[in-house]
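User: I've got a model open and want to talk through how it packs. Can you take my questions one by one?

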There are 2 protein chains.
Amino acid sequence: MVRRQIGRRRAPLVEGLKSASASRGRMDRFQDRLAASAERAGSWLCVGIDPDPDQFPAGLGAEDTMEWSLGVVEAVGDVACAVKPNAAFFEALGRIGHEALEELVARMPPGLPVILDGKRNDIGHTAHKYAEAAFDELGADAVTVTPYLGRDTVAPFAEYEDRGVFLLARTSNPSAKDFQDLPVDAAGTPLYQHVARKAMEWNAQWRNLGLVAGATYPDELTVLRTLCGDGVPLLLPGVGAQGADPKETMRRGADTSGRFAVVNVGRAVLYADAGEGWRDTVRAHAQRFAASLSSPRS
Amino acid sequence: MVRRQIGRRRAPLVEGLKSASASRGRMDRFQDRLAASAERAGSWLCVGIDPDPDQFPAGLGAEDTMEWSLGVVEAVGDVACAVKPNAAFFEALGRIGHEALEELVARMPPGLPVILDGKRNDIGHTAHKYAEAAFDELGADAVTVTPYLGRDTVAPFAEYEDRGVFLLARTSNPSAKDFQDLPVDAAGTPLYQHVARKAMEWNAQWRNLGLVAGATYPDELTVLRTLCGDGVPLLLPGVGAQGADPKETMRRGADTSGRFAVVNVGRAVLYADAGEGWRDTVRAHAQRFAASLSSPRS
């Protein structure tokens, strides 16, 4: 299988990032690129790219999804450690969305990692195709993956050594408890912790797994960070529209070096202003969140 | 939310199916359309549409994905009860794949249900977008959905009353056991059975859920059919390249009326012949599987 170089097809979008990346050279591991990006940005803010034409600023419609998406990245690129395009929002727009996502990733500055949030997975042969789609075809730096199907379905993603894989552990929604909290052994270990433990066992081999942990469940987040130890990235949705506190999320989610709590904010950054000055408002909101999401020990 | 009529954008591909559908009129529930299609075909064979250009017949390449896919549907349409495009294989082809999938579903005969195998899911707001993408934008009759995130993430799919939702219970891969077999109560009930029970509780409200159960695990399949009772469709991968026996799968998977065991075959039908006569070979293989997959009680 061809291992595509990160950065193929990419043209500069944020000028400062281009030179930073060029001077830093290519780094092999996703975690290293992520940490370098957070250091550059001075923050662990990840901005979710969730294009919803019903919420676009006045004058923009579905056909402007690419323009809107690129505008968001330009506005937040220097204060965010990563961006997280949400595959569902692009898919719901059909061909327009598909082309916008391709173009967005193609034009992303190499210094700003792209986490494709698709929560895909399937049995082995098909999982390979999903990995190919995300990594080779689209060029994402990392993906989110559902764990329900077990190890042999995570492998096709994790075997891309220079990419990252965030396995869902505890999600941020109310029904997360339906299955994720079920006790799976005599000690009463909930499923989400078992998933995290298994992931860390597998990670002894792969070394590029992270976890998704909803910031809306702070106690579970603390447990997950303890289980993972240092250097493992946690992707943390739930801050912003879902109401979790940024500083508290950072404190609980970061490792002992104060790093690797990748705190995602979507709607609260994207859709605060429907007027002509929307880019400035997006930037101002991103800056405000970014300031709350610097490394607690830096 | 707009509830798109099944059949928008569809043009006839298999003539016999067009008239069958027209004379039958529109049916509201996915299960009814599926059962009618199985009766027409005389079989519960579902053909997986997994376009892999590396395995295409000589002379066809990635750019011919649409032609190949349409050729498969034309070859199998009158002996299959449904087709199951596998989203991963289309995604891995980028824009070509996206357009081929759109065109394939748009041209599918209304009498032949399309089960979009995407195994998507996400928290509520995003799950709505995935449902929109599959049902409104693409026009699928049913989807496969991952259960790990719980009830509120299944709801956005299930609330499309005229579509079907196959929730993953026990998958067909070796690592299925990693999480799906974990005991989740004092009685030792494995997770996959708990998922199935929950799904059937929810189904009292929605009435359009089915389950995915790997035919490679016959005992688990028998348990799942018992848990579901009559009238609930089971989507059964594992026959063909994965080695499960068609008749045995049908016997265990069908309900007491001999119906609703939707047995998927992909590679073993699609890629047996790389020569010019590939359409005839696809058809012959589909017919052979179809003959083993008639209702055991009909």
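User: Let's start with helix α9 and helix α10 of chain A: at what angle do they pack?

Analyst: Keep in mind that this is a predicted model. Helix α9 of chain A covers residues 191-206 and helix α10 of chain A covers residues 218-228. Their axes lie 10 Å apart, and the packing angle is about 20°.

User: Is that pair, α9(A) and α10(A), roughly parallel or roughly antiparallel?

Analyst: Angles under 35 degrees count as roughly parallel. The two helices pack at about 20°, so α9(A) is, relative to α10(A), roughly parallel.

User: How many charged residues sit in the contact of α9(A) with α10(A)?

Analyst: On the α9(A) side you have A:Tyr192, A:Gln193, A:Ala196, A:Arg197 and A:Met200, and they meet A:Glu220, A:Val223, A:Leu224, A:Leu227 and A:Cys228 of α10(A). Sorted by class, the contact of α9(A) with α10(A) has seven nonpolar residues and one polar residue, and the charged ones number two.

User: Zooming out, what relation do you get when chain B is laid on chain A?

Analyst: The superposition takes a turn of 180° with a shift of 0.0 Å along the axis, and the RMSD is 0.0 Å. That makes the relation one of a two-fold axis.

User: Which residue of chain B has the C-alpha nearest the axis?

Analyst: The C-alpha in question lies 2.4 Å from the axis. In chain B, it belongs to B:Val184.

User: Which element gives the largest share of the side of chain B that touches chain A?

Analyst: The contact takes 47 residues from each side, chain B and chain A, and 100% of the contact residues of chain B recur in chain A. Elements giving two or more residues on the chain B side include α5 (94-106), β3 (115-120) and α6 (124-138). The largest share is seven residues, and it comes from α6(B).

User: Which elements of chain B do the buried residues of α7(B) pack against?

Analyst: The buried residues of α7(B) are B:Thr153, B:Val154, B:Pro156, B:Phe157 and B:Ala158. Their packing partners in chain B are α6, β4 (142-145), β5 (164-170), α9 and β6 (209-213).

User: Is B:Lys119 buried or exposed?

Analyst: B:Lys119 sits in strand β3 of chain B, and its phi is positive, about 45°, although it is not a glycine. A residue with 20 or more other C-beta atoms within 10 Å is buried. B:Lys119 has 28 C-beta neighbours inside 10 Å, so it counts as buried.

User: Where is B:Arg207 placed?

Analyst: B:Arg207 also isn't a glycine, yet has a positive phi of about 65°. With 14 C-beta neighbours inside 10 Å, B:Arg207 counts as partly exposed. Its place is the loop between α9 and β6 of chain B.

How values were computed
Residues are numbered from 1 along each chain as its sequence is written. Chains are lettered from A and ligands numbered from 1 in the order in which they are written. This is a predicted model: local features need pLDDT of at least 70, side-chain atom pairs count only at pLDDT 80 or more; totals for chains, interfaces and linings use all residues. Axes are lines fitted to C-alpha atoms, for helices over the stretch in contact, and angles run from 0 to 180 degrees between N-to-C directions. Helices (H or I, at least four residues) and strands (E, at least two) are DSSP runs, numbered from the N terminus. Angles under 35 degrees count as roughly parallel, over 145 as roughly antiparallel, 65 to 115 as roughly perpendicular and the rest as oblique. Two residues are in contact if their C-beta atoms, placed from the backbone, lie within 7 Å. Ala, Val, Leu, Ile, Met, Phe, Trp, Tyr, Cys and Pro count as nonpolar, Asp, Glu, Lys and Arg as charged, and the others, Gly among them, as polar. Copies are superposed by least squares on the C-alpha atoms of residues with pLDDT of at least 70 in both. A residue is buried if 20 or more other C-beta atoms lie within 10 Å of its own, exposed if 12 or fewer, and partly exposed in between; C-beta atoms are placed from the backbone.
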